[in-house]
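Okay, thanks everyone, let's get going.

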Amino acid sequence: MSSLKAILGMLAAGLVLSGCMQATTYQAAPEASLKPADKAQLAKARYAKVAPPEPFRRAIVDYHRKEMPGSIVVDSDNHYLYLVQDGGKAIRYGITVGEEALAFSGIARVGNMAEWPKWTPTADIHKRIEGLPASVPGGVDNPLGARALYLYQGNRDTLFRIHGTNQPEHIGASISSGCIRMTNEDVIDLYSRVKQGTVVVVLDPKQGDSPFNSKMALQGGGHAMMQ
């Protein structure tokens, strides 16, 4: 009898623990987010339409940090961007982030937003990559992809962006020149859910599971990839 009680006790404990585990529901970005212009651009994409590995696909997850609903939180260490929702939930997207020397952290706001933005490489990018044009018009072959959220501190453009990509195979990696890349479908979805002024919290390295220090300042603006 005692052994039966022990087995039942272990089963009950397992059920309690399973209730504490993070619930993850994978959901593709809704088609409703796509405008006719988006569908036309994506239909002529020449890049390989590679789906990110499952851990980096758009998902609805439990969220236990203290940021306000509507905030964007970037966990560069784990290659995730969270859009905080009500009720302890968040929409989680997989992202490509900057290499360590080009990464940044801190608090900013969405100071500007653009659909199918043009790309104007910064002077720093021109120094590191020869032969770039002065500007590239918006479109599916543009490195900024379908949408761009421009990060500001006060009235100052940090030159960092959250934007789309024509290299979806790199989602989950650290290879960009500092900006935060998402699949075009995911960045269209994110863009449709935020507005100018949205708070963007980019966690310090190793801060993904730690309390966030809201007094941190955005670092390293000189390494930005895009304008």
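So, Phe56, Tyr63, Tyr80 and Tyr82 come together as one aromatic cluster. Quick caveat: this is a predicted model, where local features need pLDDT of at least 70 and side-chain atom pairs count only at pLDDT 80 or more, while totals for chains, interfaces and linings use all residues. Numbering runs from 1 along each chain as its sequence is written, and side-chain values use heavy atoms, with hydrogens and water left out.

Searching the whole structure turns up three aromatic pairs; rings of Phe, Tyr and Trp (its six-membered ring) pair if their centres lie within 6.5 Å, with planes under 30 degrees apart called stacked, over 60 edge-to-face and the rest tilted. One of them is Phe56 with Tyr80, tilted, at 5.6 Å centre to centre and 40 degrees between the planes. Phe56 is in the loop between helix H2 and strand S2, and Tyr80 is in strand S4, 24 residues apart; helices (H or I, at least four residues) and strands (E, at least two) are DSSP runs, numbered from the N terminus. Both Phe56 and Tyr80 are buried, meaning under 20% relative accessible area with a 1.4 Å probe, protein chains only.

Then there's Tyr63 with Tyr82, also tilted, 5.4 Å between centres and 50 degrees between planes. Tyr63 is buried at 7% relative accessibility, and Tyr82 is buried at 12%.

Back to Tyr80: the charged end of Arg92 sits over its ring, 4.2 Å from the centre. That needs CZ of Arg, or NZ of Lys, within 6 Å of the ring centre and within 35 degrees of the ring normal.

Conventions:
Buried < 20%, exposed > 50% of the residue type's maximum accessible area, 1.4 Å probe, protein only.
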